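Me: I would like to learn how to read a few local features from a model, beginning with a helix and ending with a pair of strands. Could you take me through them slowly?

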Amino acid sequence: MTDHRINEHGQPIGLPAEGSFPRPFPPHKPLQGRTVRLEPTRPEHAAALYEALIKDESGRNWTYLPGSPLTSLEDAQKWVETCAASRDPQFYTLCNADGVPVGIASYLRIDPANGVIEVGHIHFSPALQRSAAATEAMYLMMRNAFDELGYRRYEWKCDALNAPSRKAAERLGFTYEGTFRQSVVTKGRNRDTAWFSVLDSEWPKLKARFDAWLSPTNFGADGQQITRLNDF
């Protein structure tokens with residue numbers, strides 16, 4: 001299938017964009033899944049997030065994120081209040097099946113005019129890492145962007161040296177597009193940024209894959225997956 005057409009001057013140009021623009025700015029509303037609930041981040045989440053995130057005693061989860069490890073509840077309160085007040089990035093607190101905050105993520109670089117949105121500022125506590133809830137949280141945000149808001153492009157960017165983030169993007173179905181060299185100075189050091197994306201045309205197949213993996217029938221009584229996401 002061609003990805004362009006020829007205009008009256010004999011020049012190749014892009015295909016017409018489907019849908020109407022701008023797309024809606026994301027309403028800051030809860031996103032409910034089977035194993036996780038995403039709630040708009042609020043100041044009252046600070047204490048629980050602090051308790052969840054300090055379980056990363058080494059602080060290694062902060063290496064590629066803005067900011068530094070939380071050293072006190074007061075630090076956490078200031079950080080969460082800043083997140084709660086932000087419009088872009090738009091932060092969500094990830095709550096487990098018991099309603100306890102165990103992580104945070106956001107939409108950012110929200111571009112309704114072009115139907116482009118990014119997911120980032122992902123910080124999973126040790127209790128959330130490598131769990132079905134972690135994957136479902138990413139699925140819920142992606143589904144909301146494509147199915148509810150009608151966005152055309154969903155982005156994931158990370159430090160090119162952040163191997164776990166790159167692996168996560170690929171597992172979730174993102175396509176690697178390239179690396180922007182010396183794109184950011186962060187914490188006094190250079191960052192080359194790896195870019196990944198999912199397009200609206202790719203979403204239906206990815207959605208079916210997620211739905212199959214997240215089905216309760218794909219998990220045993222011990223909560224462990226039967227078939228890996230990559231195998232669907």
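This is a predicted model: local features need pLDDT of at least 70, side-chain atom pairs count only at pLDDT 80 or more; totals for chains, interfaces and linings use all residues.

Me: Which residues of α5 are buried?

Reply: The general idea is that an α-helix has 3.6 residues a turn, so residues three or four places apart point the same way. In α5, the buried residues are Trp 203, Leu 206, Arg 209, Phe 210, Trp 213 and Leu 214. Seen down the helix axis, these fall within an arc of 125 degrees, so they line one face of α5. Pro 204 and Lys 205, on the other side of α5, are exposed, while the cover over the buried residues includes α3, α4 and β10.

Me: What span should α5 have?

Reply: Helix α5 has 12 residues, 203–214, and at 1.5 Å a residue it should span 16 Å, which agrees with the 16 Å between its end C-alpha atoms.

Me: Where is Asp 56 found, and which side chain of opposite charge is nearest to it?

Reply: Asp 56 is found in the loop between α1 and α2. Asp 56 is buried but has no salt bridge, the nearest side chain of opposite charge being Arg 60, 6.0 Å away. Leaving aside residues up to four places away in sequence, Asp 56 touches Asn 61, Trp 62 and Pro 126.

Me: How many bridges join β9 to β10?

Reply: The two strands run antiparallel and are joined by 8 bridges, with Tyr 176 having Phe 196 in β10 as its bridge partner. Together β9 and β10 form a hairpin with 2 residues between them, and Lys 187 in the turn has a positive phi of about 55 degrees.

Note on methods: Residues are numbered from 1 along each chain as its sequence is written. Side-chain values use heavy atoms; hydrogens and water are left out. Helices (H or I, at least four residues) and strands (E, at least two) are DSSP runs, numbered from the N terminus. The expected span of a helix is 1.5 Å times one less than its number of residues. Buried means under 20% relative accessible area, exposed over 50%, partly exposed in between (1.4 Å probe, protein chains only). The arc is that of the directions from the helix axis to the C-beta atoms. Contact means heavy atoms within 4.5 Å. Lys and Arg count as positive and Asp and Glu as negative; His and the chain ends are not counted. A salt bridge is a side-chain nitrogen of Lys or Arg within 4 Å of a carboxyl oxygen of Asp or Glu. Two strands pair if DSSP finds at least two bridges between them.
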